[in-house]
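Hi everyone, thanks for having me.

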Amino acid sequence: TPFGPFGALDSDIKIFKELLFKVSTVINFINVLKYYDLILNYMENIYIAGTGYWKGDEVVTNDEIVASFNSYVERFNVENNQAIEAGTMEPLGPSSVEFIEKASGIKTRYLIDKKNCLDIDVMKPILRNESSENISILAEMSIHAAKEAMNQAGIEAKDIDAVILGTSHSARNYPAIACEVMDELGIKGYGYDMLIGCSSTTFAISNAYSDIASGLANTILVINPELTSPHNDFTLRDSHFIFGDACVATIVQKDSLSENRAKIIDRKLVTQFSNNIRSDFSYLNRVEENPREEKDLFFKQNGKSVFKEVCPMVATLITDQLHALDLKASDITQFWLHQANSNMCRFIITKILGTSDYDPSIAPMILSEFGNVASAGSLLSYHLNNNLLEGNKGIICSFGAGYSICSLLIEKE
């Protein structure tokens, strides 16, 4: 016997058990290494292979939107003159081009229905009914952007395994717009909708990365329709000028051969609850004990608090991300940030770089032309202003309601 002629002694059994444990540990370790190598193989070869976009049909200048708003204000103050004189109502103040450009950096925006948004008797877009009889507006926007992204990535619908839609403005609860887009494009696989405010685009790309890394898919279409004008109150001085309508699409792919590919090197995400950016529009509105006016359900924000709290969070997150990877800010060729406000973007980049004296092309902004297009902004900036050369690194970072922040580090190949 392996334990001698007189059978196994307790000490022999103990030694044998220890030997078995060591052997099993080695075997398990080898299996872990194999699994680890498999995961690394997936994670090290995931790319943004192509991008695309859609924008609203008509451009609206600051002169036009100010003229509309001020006409509304003038009529409101005349119609409520007695209450204003009695001190029971505050008069509305006018807007100006100078105010808008100083506060935001926005000069124009694209809207899906310019005529009605500027009509002081309407002050909102009027759109066709959403029904099962026709394709939804968000799906229509998404398909336009998706086709450009697919063309840029050099793929067809049959190559796509899943569709993830991320938006800050969902048009319906179900069926998912992602499933509708799949049906229209002839994509087989799975799809779903998600939202996390103005970080929805980068969070959706991060989800696509995770799905590919886990082996669920090889190629995922991410779509981000941001039809913001129906949810904007064009009668409020502090926000009547902010938003534009747009949509972006991204192909996230393992082992991409696209000439436009950029490898996703790292992701960093964080959320922190805050009511400083809030929308209360919901199916629960109809059953509230004390129903609110429609305008009370729109987008609302405490701009000063958002600036004070979010900007340092974003700068710290990106700085920590780079530090963890043993990278310096100077190693990053371009930053494509959420396009909410030009002052916010400059504050964040100044904090990261340690100087306000930097080339604007390092952090390109589309705000001047497109306005705030919610979660689509950072990716749209990337799509229109990507100057990376082989080996260059860049960061796509969005942030917003939640609070939520997601930073994607990429490298051009």
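Let's start with a charge and a ring: R261 lies over the face of Y47, 5.9 Å from the ring centre. Keep in mind that this is a predicted model.

There's another such contact at F99, where the charged end of R237 sits over the ring, 3.9 Å from its centre.

Now to rings meeting rings. How many aromatic pairs are there by the pairing rule? The count is 7. One of them is F99 with F241: the ring centres are 5.7 Å apart and the planes stand at 85 degrees, so we call the pair edge-to-face. F99 belongs to helix α4, while F241 is in the loop between β6 and β7, so this pair ties together parts that are 142 residues apart in sequence. Are these two buried or exposed? F99 is partly exposed, at 21% relative accessible area, and F241 is buried, at 4%.

Next, look at W336 and Y382. Their centres are 4.9 Å apart with planes at 90 degrees, so this pair is edge-to-face. W336 is in strand β11 and Y382 in helix α12, 46 residues apart, and both are buried.

Finally, find strand β13, residues 404–412, where 8 of the 9 residues are buried. Which strands does β13 pair with? β8 runs antiparallel to β13 over 9 bridges, with A262 opposite K412. β12 is also antiparallel to β13, joined by 8 bridges, and G400 has S404 as its bridge partner. Between β12 and β13 there are 3 residues, making a hairpin, and G402 in that turn has a positive phi of about 140 degrees.

Notes
Residues are numbered from 1 along each chain as its sequence is written. This is a predicted model: local features need pLDDT of at least 70, side-chain atom pairs count only at pLDDT 80 or more; totals for chains, interfaces and linings use all residues. Side-chain values use heavy atoms; hydrogens and water are left out. Buried means under 20% relative accessible area, exposed over 50%, partly exposed in between (1.4 Å probe, protein chains only). Helices (H or I, at least four residues) and strands (E, at least two) are DSSP runs, numbered from the N terminus. Two strands pair if DSSP finds at least two bridges between them. Rings of Phe, Tyr and Trp (its six-membered ring) pair if their centres lie within 6.5 Å; planes under 30 degrees apart count as stacked, over 60 as edge-to-face and the rest as tilted. A charge sits over a ring if NZ of Lys or CZ of Arg is within 6 Å of the ring centre and within 35 degrees of the ring normal.
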